[in-house]
Amino acid sequence: MLRRFQPHPRTAVNVAAVSYPGLMAETNPLFRLSERSYTQLPGFARTFRRGELTVGLTLPIEAGAEENPLDGLDNQVRLVRAAEEAGFAAVWVRDIPLRVETFGDVGQVWDPWMYLSYLAAQTSEIALGTAAIVVPFQHPLLLAKRAATLDRLSGGRFLMGVATGDRPEEFPAFGQDRGTRGDVLAEHLRVYREALTTSWTPIRWAGGKMGGADVVPKPLAREVPLLATGSLQQTMQWRAANTHGWLMYHKGLEVQKVNVRNWNEAVTEAGGEWKPFAESLWVDLHPDPDAPAEGHTFGYRLGRTALRRLLEAQREIGISHVMVNFRASERDAEEQIEEFAHHVLPAFTPVR
């Protein structure tokens, strides 16, 4: 004979909370919408300051780490901790869904969500960024849940750079049309934003609909900092209105000066306050501190004196953050981190 289930007194169901989900949303901080600005989050505040320049590192920090990830992961964590201690503002990982034969380079082995979650548990202050999540391959509701989860688990240190993706072989593998990736990104980010900034609000888009449901957790602030990597197949005006900053590839100072000016004008036209501009820069730090700058893969081989002058010039034209990549370097990454700590970073605003 079947017996009716009687819940234990200590695990009895809260009928009021089940019947009226809004009550739970008001009492559980994980479900509550925040009025805090994203600019107040530790990761954003550490990395972006108007009129100042900070330096971050792109992972993997040294060549060979992705080819031998089992041996390289512990070393990467050690280097990230050293970078945090040295005063680097952030570390950045790429989203490379598939290893593509024609590219000849893995780029990033580890899944960015899991990798940054792991690094969040191994660090305490350094910002954790993606450069960038390939949005067309992400379900927008799961994108919202993962971003808010990482934001919460890291204590507000997550910076979410987003992109459309650039490896042609990946699009058919994910059932996507490469020619419409810009439209898909814009729609997915609209759904993503609605899911994080509202509660129990029905949402419709080309790929589905949500009603009678809610995405949780909600982020620590009103939004997770959202950064455009590259053009996103959108206009400058769209990026200025819909993101919180622009991550750009390395260009010469004169080109970047124009890009920064155009970005600032677009942000003003969109009715927003200042939003940062960042650049990715490959650096091979020469052992001779006075070695002049020479063109290198997506950056320069140069001594620390020329590097300081370059960073000062970048700050002068309005670049707020430089994401340094050591993968093409001839020297040991740890040596370069130490040299940055003692001879480069002190010339800029120290981490508060």
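What percentage of the 352 residues in the protein chain is buried? Buried residues make up 49% of the chain. The model is predicted, and the legends below describe close-up views of it.

**View 1. Overall make-up of the protein chain.** The secondary structure of the chain comes to 12 helices and 12 strands.

**View 2. The largest nonpolar core and the surroundings of Phe 340.** The largest nonpolar core has 74 residues. Met 160, Tyr 192 and Phe 340 are those with the most contacts inside this core. With neighbours within four places in sequence left aside, Phe 340 is in contact with Val 55, Phe 88, Leu 285 and Leu 307, and also with Val 324, Phe 326, Leu 345 and Pro 346. Another core, of 13 residues, lies apart from the largest one. Ala 127, Leu 159, Ala 278 and Met 323 are among the residues of this other core.

**View 3. Strand β1 and its two partners.** β1 pairs with β12 in the parallel sense over 4 bridges, and Val 55 has Val 322 as its bridge partner in β12. Val 55 is also one of the residues in contact with Phe 340. With strand β2 (residues 90-93), β1 pairs in the parallel sense over 2 bridges. Here Leu 57 stands opposite Val 91, and Thr 58 stands opposite Trp 92.

**View 4. Strand β2 and the setting of Trp 92.** Ala 90 and Trp 92 point one way from β2, Val 91 and Val 93 point the other way, and all are buried. β2 pairs with β3 in the parallel sense over 4 bridges, and Gly 129 is the bridge partner of Trp 92 in β3. Trp 92 and Phe 158 are 66 residues apart along the chain, and their C-alpha atoms are separated by 10.0 Å.

**View 5. The largest pocket and its lining.** About 790 Å³ of space lies in the largest pocket. Its lining is made of 33 residues, and those nearest the pocket centre are Arg 94, Ala 131, Asp 166, Thr 229 and Tyr 249. The elements that give two or more residues to the lining are β3 (127-134), β8 (246-248), β9 (277-285) and β12 (321-325). Which strand gives the largest share of the lining? That strand is β3, with 3 residues. By class, the lining has 14 nonpolar, 11 polar and 8 charged residues.

**View 6. Two cis peptide bonds.** The peptide bond from Ala 131 to Ala 132 is cis, with omega near 15°. Ala 132 has its place in strand β3, and Ala 131 is one of the residues nearest the centre of the largest pocket. A cis peptide bond also runs from Val 216 to Pro 217, with omega near 5°. Pro 217 is found in the loop between β6 (208-210) and β7 (226-229).

View 7. Phi of Trp 200 is near 60°, a positive value in a residue other than glycine. Trp 200 lies in the loop between α8 (181-197) and β5 (203-205). With a relative accessible area of 40%, Trp 200 is partly exposed. Leu 232 also has a positive phi, near 60°, and is a residue other than glycine. Leu 232 is found in the loop between β7 and α9 (236-242). Is Leu 232 buried or exposed? Leu 232 counts as buried because its relative accessible area is 2%, which is under 20%.

Methods:
Residues are numbered from 1 along each chain as its sequence is written. This is a predicted model: local features need pLDDT of at least 70, side-chain atom pairs count only at pLDDT 80 or more; totals for chains, interfaces and linings use all residues. Side-chain values use heavy atoms; hydrogens and water are left out. A nonpolar core is a set of buried Ala, Val, Leu, Ile, Met, Phe, Trp, Tyr and Cys residues joined through side-chain atoms within 4.5 Å. Buried means under 20% relative accessible area, exposed over 50%, partly exposed in between (1.4 Å probe, protein chains only). Contact means heavy atoms within 4.5 Å. On a 1 Å grid over the protein atoms alone, a cavity is a set of points where a 1.4 Å probe fits but cannot get out, and a pocket is an open set with protein on both sides within 12 Å along at least five of seven lines; lining residues have an atom within 4 Å of a point. Grid points are joined across faces, edges and corners, and a volume is the space filled by probe spheres set on the points. Ala, Val, Leu, Ile, Met, Phe, Trp, Tyr, Cys and Pro count as nonpolar, Asp, Glu, Lys and Arg as charged, and the others, Gly among them, as polar. Two strands pair if DSSP finds at least two bridges between them.
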